Amino acid sequence: MPFFDIIILVRVIIIYTVEKIVEKVLYSNSTNFVEIKYLNRVKKELKNIKYNIYEPFNGATKIILYNKMPNIKIYEIVSSNDLRHQDILGTLYSLNISDEMFGDVVIWNNRYFIIILSSIDNYIKSNLTSIKNSKVDLIEKDPYYLKNYKQEYEEFNIIVPSVRVDVIVSKIINSSRSNALEKIKNGDIYLNYELLTKPTYMLKENDIFSIRKYGKYKFNGIINETKKGNIIVNISKYV
C-alpha cells in the first residue's frame, strides 16, 4: 500500500478511536483504558464538557476518562524468577485481553504490577498463573497504590551521523534506514504522542517517540562529537 494511503488509513483509525472515546465520556460513566496519545485530540472535542481523569501514576501511558470512577484492580505479580516488561505484556495478549482492558505494566524496585478493569478480574485470577514458564501469584493492591511511582529509564548513548528521526530509529532497532522508513510508512512510530509522518524530522531535546514492538524512548540531546564527524546522543528507554 502506498505511503499516502497508509497515512490516511491510520488517521481514519485515529479519528474513529477518538470518536468512540468521546462517545463513552458523553454517554457512559467512563471509558476503558485510553492510550495517552489520544488525549489531546479528545480534550479538543470535549473542551466544554466536565469529566475526570484517572491516572494511576504521573506519566502513565494509559488513563481512564470518567464521570463515575470505574472499579480498578491493581495486582502485584509475584514470581520466583525475574520478569521482563515484554514477558508480562506478551502473556496478557496471549490470554486474548485487549489493550483497553488493562493499563500500564509497571516494574518498580524489581516488583511487577498490572492495572486492570474489575470486569476481567475473575478471568485474570483464573488464567494469569504463569509467565515465561514461571508460576506466579497475584496480590491485590489499592487502586492508588502506584501513585508515587516514578517512571524508570534505561539510558544509553548511540553514535549517529545526524539526529534525523529515521536515523535514530534505525540505530535503536539495529536495522537499516530503509527498514526504519518502512516502519514510519506503516504508522508504527509516534512522536510526542502524534503519528510520525516526516522521516526527515530532526529530534529535539525531550522529544518522546515510540516504536511499535520496540518500546518508548526520550531523546535527551547531543552530548559529544566523534573525531570522524559523527555525533553521540543520549537516549532514555522507558522500562
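Trainee: How many aromatic pairs does the count come to?
Mentor: The count comes to nine aromatic pairs, where rings of Phe, Tyr and Trp (its six-membered ring) pair if their centres lie within 6.5 Å; planes under 30 degrees apart count as stacked, over 60 as edge-to-face and the rest as tilted. This is a predicted model, in which local features need pLDDT of at least 70, side-chain atom pairs count only at pLDDT 80 or more, and totals for chains, interfaces and linings use all residues. Residues are numbered from 1 along each chain as its sequence is written, and side-chain values use heavy atoms, with hydrogens and water left out.

Trainee: What kind of aromatic pair do Tyr153 and Tyr238 form?
Mentor: Their pair is edge-to-face, at 4.9 Å centre to centre with 75° between the planes. Tyr153 lies in strand 9 and Tyr238 in strand 14, so the pair ties together parts that are 85 residues apart in sequence. Strands (E, at least two residues) and helices (H or I, at least four) are DSSP runs, numbered from the N terminus.

Trainee: Is Tyr238 buried or exposed?
Mentor: Tyr238 counts as buried at 15% relative accessibility, whereas Tyr153 is partly exposed at 38%. Buried means under 20% relative accessible area, exposed over 50%, and partly exposed in between (1.4 Å probe, protein chains only).

Trainee: Turning to the sheet, in what order do the six strands stand?
Mentor: The order is 9-14-13-12-10-11, in an open sheet with antiparallel pairing; two strands pair if DSSP finds at least two bridges between them.

Trainee: Which are the edge strands?
Mentor: They are strand 9 (153-160) and strand 11 (194-195), each pairing on one side only.
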